[in-house]
Amino acid sequence: MKDTTPVRPAVLTEERPPGLLETDGALHARAWTPVQARGRFRSGLSVPTAGIAAGHTQANLVSVPADWAYEMLLFCQRNPKPCPVLDVTDAGSWTTPLAAGADLRTDLPRYRVWEHGALVAEPTDVVAYWRSDLVSFLIGCSFTFEWALSSAGVPMRHIEQGRNVSMYVTARQCRPAGRLRGPMVVSMRPVPPEHLAAAIRESSLLPAVHGSPVHCGEPSVLGIEDLSRPDFGDPVTADRDDIPVFWACGVTPQAAVMASRPPFAITHAPGRMFLTDTRDEQYRVA
């Protein structure tokens, strides 16, 4: 019988980069174009991407060897809520039609490099790690629908506090695909009760970036014991009456990498996404 215990991440010790609201030019980050944002990341800026380049789609990244690519595609197809695929590259390619001229090896704020399920490095570019057999998957990110929530009056506590969003490994197992298995990861945003309906409505109109929440309220239903201790990201302070709202998260493939132990993989660092040129409304359901 396979072990179904939720995966807990091994975290490298590193100097924590400043939050978005603590960096130079942060007040203008919302107005950056995706090209400007990617250029800053390529130059070494390493911050969470929530609140950057308003109105443009953000994406999670996972790159695996070609002999694992079919299983990753099948894993995503079988688990579309946490793993909605926006693009898949050819083997060895570091480009995507979602962002003309972008380089998937350099244009994210921070990466994670994995060997046999163990986290071995968190560089700001992966040129030195890149392989000719890597197939990259760009997966929809919930940061994309935050603009719709904000426009509807829903406060984004993590952005207000200059923090990365809180993410948790749940007790819910994804449907496996070949050698790939693992638990679903969720992101959590505290939402005032009067804004809950708007949060559900607005996110449900963007299924390509996780869509509606998977749970609202008591965290223990998902197997989460302590909201103050997220598995990824930062703890976010909720207001007194806020309700914890949980969305499926694109860090789920990283949990699958940890559980399934492919010989090699590259992913984004949680909360530090790829900024595409695609406008959010392209994925909005009428």
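Valine 88 is partly exposed in this predicted model, with a relative accessible area of 34%. The residue lies in strand E2, residues 85-88. Together with Leu73 and Val85, Val88 makes a nonpolar surface patch of about 200 Å². Patch members need over 30% relative accessible area, so the 34% of valine 88 passes that cut-off.

**Strand E3 and its partners**
- Four of the five residues of strand E3 (residues 111-115) are buried, which leaves the strand mostly covered.
- E3 runs antiparallel to strand E10 (residues 265-268), and four bridges join the two.
- On the E10 side, tryptophan 114 has alanine 265 as its bridge partner.
- E3 also runs antiparallel to strand E4 (residues 118-121), here with three bridges.
- In E4, leucine 119 stands opposite tryptophan 114.
- The hairpin of E3 and E4 has two residues between the strands, and histidine 116 takes a positive phi there, near 50°.

**Helix H1**
- Helix H1 spans residues 34-42, and its buried residues are Pro34, Ala37, Arg38, Gly39 and Phe41.
- These buried residues pack against strand E1 (56-65) and strand E11 (274-279).
- Glycine 44 follows H1 and has a positive phi, near 115°.

**Confidence**
- The average pLDDT of the chain is 91, and 90% of the residues score at least 70.
- Residues 1-6 have pLDDT below 50, and this stretch has eight contacts in the model beyond near neighbours in sequence.
- Residues 13-27 also stay under 50 in pLDDT, with 27 contacts beyond four places in sequence.
- Where pLDDT is low, the predicted coordinates should not be read in detail.

Terms used
Residues are numbered from 1 along each chain as its sequence is written. This is a predicted model: local features need pLDDT of at least 70, side-chain atom pairs count only at pLDDT 80 or more; totals for chains, interfaces and linings use all residues. Side-chain values use heavy atoms; hydrogens and water are left out. Buried means under 20% relative accessible area, exposed over 50%, partly exposed in between (1.4 Å probe, protein chains only). Contact means heavy atoms within 4.5 Å. Patches are made of residues with over 30% relative accessible area and no salt bridge: like charges are joined within 9 Å, nonpolar side chains (Val, Leu, Ile, Met, Phe, Trp, Tyr) within 5 Å. Accessible areas come from the Shrake-Rupley method with a 1.4 Å probe; for residues, only the protein chains shown count as cover. A salt bridge is a side-chain nitrogen of Lys or Arg within 4 Å of a carboxyl oxygen of Asp or Glu. pLDDT is the predictor's confidence in each residue, from 0 to 100. Two strands pair if DSSP finds at least two bridges between them.
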